[in-house]
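Thanks for coming. I will walk through one structure this morning, starting with a sheet and ending with a few single residues.

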Amino acid sequence: MAVNLLYKVGARNENPDRTGFAHLFEHLMFDGSKNVADFDHQLQLAGGECNAFTTNDYTNYYITLPKQNIETAFWLESDRMLELGITPEKLEIQKNVVIEEYNQRYLNKPYGDWFLMMRYLAYKRHPYMWPTIGKDTQEIRFASLDEVNSFFYNYYAPNNAILVVAGDVETEQVKALAEKWFGPIPRRDTHIAPLPVEPEQTVPQLLVLKRNEPLNAIYIGFHMDSRLGPRYHATDLISDILAGGESGRLKQHLVKEQKTFTDVNAYITGETDPGLFIVEGKLSDGVTLEQAEMCICNELRSLWEQPITDHELTKVKNNIEVKKTISEVNVLNKAMNLAYYEMLGDASMINTDADNYQKVSVEDIAKTARYLFRPENSSTIFYKSAQKSKQ
Amino acid sequence: MNKELNRQIAPEYHQITKINIPTDECGFLANKMPYHVLSGGSQEIVVVELMFNAGVIHSNQLLVASTANTMLVSGTRHHTAQQIADTFDFYGAELRTDSNFDHAAISLFCLNKYLDKLLPLLCELIEESVYPETELKTALTDRKHKFIVNQTKTAVLANNAMHQMVYGAHPYGRHAELIDYDRITSKILQDFHAPHYCAANCRLMVAGYVTDQVMQAIEATIGKIKIGAKCSLNELPFEPIAGDKTQIIRREEAVQSSLRMGLRTIKMDHPDYHKLNMLTMVLGGYFGSRLMTNIRKEKGYTYGIYSRLQPQAQSGLLCVYGDIKSGHSLQVANEVRKEMQKLKDEPISDTEMALVRNYMMGELLQIFDGPFNSFEAVSRAVDLSSGIKYFDEEQACILNTQPADLQAIANKYFDLDNMVTAIAGNE
């Protein structure tokens with residue numbers, strides 16, 4: 001069975017001088033709390049496993065364990081909501097671990113920093129301008145124990161959290177356990193500042209990076225609707241039409257027929273506030289970045305100039321149906337999805353959100369594409385390979 | 001009712017003393033292809049996996065086995081690559097190809113209601129693939145590009161170096177170079193495909209909501225795949241490690257170093273395998289492991305360092321891997337050796353034994369939480385060990401193994417003199 005605890009705090013809530021803090025904090029949550037010196041040890045004794053992730057919008061902790069040991073999860077999760085046991089030494093070590101995570105995930109990989117750059121280019125005011133891991137590794141170096149404590153008080157409050165339990169359990173038992181372990185934790189007087197609104201972009205943005213990567217690459221981001229925006233579902237389907245499965249338009253047209261790219265993809269970041277629609281590709285030899293950009297633009301334009309077929313639309317809707325079925329196979333997924341929809345405003349959206357996809361029409365796709373892929377709504381990054389220009 | 005809650009005392013937890021390992025239903029299709037069925041779940045979705053004896057060791061030429069596998073979807077006598085992709089995508093199905101040293105698989109993940117539409121096409125891929133030249137050219141260009149990008153990754157460089165040191169001249173030790181991509185032709189793939197992709201070289205696994213109807217649909221399609229002849233393969237000898245046991249590949253621009261340590265060891269069907277697996281868990285298999293505690297928790301030199309067994313048909317590999325803060329890899333490699341030596345010198349405490357036991361029982365419980373969770377693990381046990389019985393043995397081992405047993409296993413198998421170390425990065 002699964003116990004999922006979501007805190008409504010993510011990188012978007014960070015102080016702009018302490019980016020990466022929410023994620024560092026996620027690490028600290030495993031470093032012992034008031035009455036539990038070693039979280040992992042206690043959980044492993046009960047046969048459980050846990051992990052967590054931080055997004056720009058929220059931080060999610062989850063535990064899976066045998067159902068007869070369900071109370072262990074309540075004990076552990078409630079204790080670290082009550083009070084943490086962070087020492088200056090633990091804080092220093094976790095800073096190092098997080099910096100190595102940053103290196104592993106972003107810097108020690110070809111093209112690993114493109115998303116950092118994209119966020120900077122596309123966002124001027126909204127805190128989505130930095131990734132969850134932070135702008136660079138230096139800011140969290142300065143994080144102090146006081147900052148840790150006030151972040152905890154303000155954001156890790158019971159009135160800022162959503163608890164979901166899923167599996168072969170009795171509702172009454174879960175309610176009683178929740179009351180027993182979480183009930184006594186006092187509500188806190190939290191102050192969560194409203195986020196700045198990103199002004200509408202009016203001119204195309206371009207960034208050229210000369211890097212020691214082996215191939216030229218292009219990344220284009222377009223501002224899209226928020227998760228609850230009216231065009232969100234059509235936008236998601238557009239990404240599937242372009243790049244869903246092997247038969248997506250971009251792969252068929254640009255890789256297989258025109259051979260301008262060796263690899264190409266499209267997807268949405270799908271964040272709560274207005275996110276980005278990303279198109280990215282690695283260029284074939286002899287193709288210039290300007291030609292590559294034009295090929296992508298032609299593909300995007302064809303979405304409204306020659307409306308998509310019913311066959312294509314049915315295909316991407318079928319795909320959504322399968323994804324939903326798969327997401328219901330496992331209890332942890334169910335728990336996470338319920339918590340996520342509750343954060344958006346209503347857990348019962350888990351039952352209705354799929355219908356929003358089925359309602360999208362051919363015209364909606366054309367209209368949304370035309371709105372989304374305006375040149376002035378785009379931010380483009382060219383990676384110029386230093387190795388290529390030497391050849 | 002309102003008595004003060006004492007949070008210092010852990011709620012009582014229960015040892016998991018018995019997990020019911022489900023049985024798989026086994027049999028043979030009309031064409032004598034063996035099958036295993038893992039039934040369960042409430043969602044009407046199934047996965048159908050065909051596993052062929054068509055991995056890397058079945059070809060003398062590099063890249064042939066993997067290309068023949070990934071390009072099963074590139075065209076048949078009756079359908080183009082685009083038609084194939086469009087059909088599977090239209091029904092929201094996922095088609096996966098995967099190959100390793102020993103085997104090559106193709107699996108179909110789809111809703112039960114579309115199985116009738118998709119199984120005939122799946123069989124067509126296996127029986128009538130033609131590997132069109134134009135598709136091959138595009139795919140090879142893409143793979144060459146990916147290869148070039150991969151050669152800049154420290155993890156890839158260290159991994160290749162480790163395999164080469166451990167396995168030497170054995171096929172498991174080979175890795176491709178750029179030039180190998182230019183040697184692949186459609187003819188070579190067809191010649192490899194014909195004898196290997198047939199019923200005699202294949203086993204089937206079906207998991208999910210498997211009804212009689214599903215099995216009838218499978219019998220009517222996969223059960224008719226031509227039988228062919230079984231390709232036999234001699235086990236090739238492993239030479240003792242010659243030359244350096246430590247390799248450092250310098251990459252000045254790297255911000256971290258990839259550390260890979262490897263030791264050739266027993267196969268998955270060896271009687272000691274379960275205990276060695278448990279010992280590997282103690283060393284670096286979970287968050288509270290010796291390595292994670294030493295290198296991450298106490299020193300902060302890594303985001304993660306792990307040890308695990310990688311079983312193959314002709315060998316086993318004990319591998320330690322992690323991406324390490326620049327300048328500290330040799331020190332970490334030394335710490336790994338120290339931790340292994342400690343497991344040889346001292347039995348683990350009863351507390352640690354209980355911890356690992358409970359953790360592994362919890363993990364086993366999760367594996368058998370529904371057919372999709374267990375699918376991958378069971379599939380591997382079928383190919384490399386005793387099938388689903390493997391997990392009964394595993395359970396018995398977890399429950400009965402004592403600290404002294406693990407110490408004995410450490411002394412028997414932690415052969416530090418033959419353990420190799422590969423580091424790629426700015427060291």
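**A sheet in chain A, and onward**

In β4(A), A:Leu163 is the residue that stands opposite A:Leu5. Before going further, please keep in mind that this is a predicted model.

The two strands to look at here are β1(A), residues 2-7, and β4(A), which pair in the antiparallel sense over six bridges. They belong to an open sheet of four strands in chain A, with the order β2-β3-β1-β4 and antiparallel pairing. At the edges stand β2, residues 49-54, and β4, residues 161-166, each with a single partner strand, so one side of each has no neighbour in the sheet. On average, neighbouring strands of this sheet are turned by 10° against each other, direction ignored.

Helix α13(A), residues 331-344, lies across β1, β3 and β4 of chain A. Against β4(A), the helix α13(A) runs at about 150°.

Next, a pair of helices, again in chain A. Helix α9(A), residues 232-243, packs against helix α12(A), residues 310-327, at an angle of about 110°, and their axes are 10 Å apart. An angle from 65 to 115 degrees counts as roughly perpendicular, and α9(A) and α12(A) are therefore roughly perpendicular to each other. On the α9(A) side the contact is made by A:Leu237, A:Asp240 and A:Ile241, and on the α12(A) side by A:Glu312, A:Val316 and A:Asn319. By type, the residues of this contact divide into three nonpolar, one polar and two charged.

Where do the two chains meet? In total, 52 residues of chain B are in contact with 56 residues of chain A. On the chain B side, the elements that give two or more residues are α2, α4, β9, β10 and α12 of chain B. The largest share, eight residues, comes from α12(B). The chain B side divides into 24 nonpolar, 19 polar and nine charged residues.

On to the core. Which residues touch the most other members of the largest nonpolar core? They are B:Val46 and B:Val206, in a core of 234 residues. Helix α5(B), residues 154-167, gives the most to this core, with eight residues. In general, nonpolar side chains tend to be buried together in soluble globular proteins.

A:Tyr111 has a positive phi of about 60° although it is not a glycine. A:Tyr111 sits in the loop between α4 and α5 of chain A, and is buried, with 21 other C-beta atoms within 10 Å.

B:Leu63 also has a positive phi without being a glycine, near 75°. Its place is the loop between β3 and α1 of chain B. Is B:Leu63 buried or exposed? B:Leu63 counts as buried, because it has 21 C-beta neighbours inside 10 Å.

B:Ile57 lies in the loop between β3 and α1 of chain B. B:Ile57 is buried, with 22 other C-beta atoms within 10 Å. Apart from neighbours within four places in sequence, B:Ile57 is in contact with B:Phe101, B:Asp102, B:Pro171 and B:Leu233. From B:Ile57 to B:Pro271 the distance is 25 Å, C-alpha to C-alpha, and the two are 214 residues apart in sequence.

Technical notes: Residues numbered from 1 in each chain as written. Chains lettered and ligands numbered in written order. Predicted model: local features only at pLDDT ≥ 70, side-chain atom pairs only at ≥ 80, totals over all residues. Core = buried A, V, L, I, M, F, W, Y, C linked by C-beta atoms within 7 Å. Buried ≥ 20, exposed ≤ 12 C-beta atoms within 10 Å, placed from the backbone. Contact = placed C-beta atoms within 7 Å. Nonpolar A, V, L, I, M, F, W, Y, C, P; charged D, E, K, R; others polar. Pairing = 2+ DSSP bridges. Axes fitted to C-alpha atoms, helices over the stretch in contact; angles between N-to-C directions. Parallel < 35°, antiparallel > 145°, perpendicular 65-115°, else oblique.
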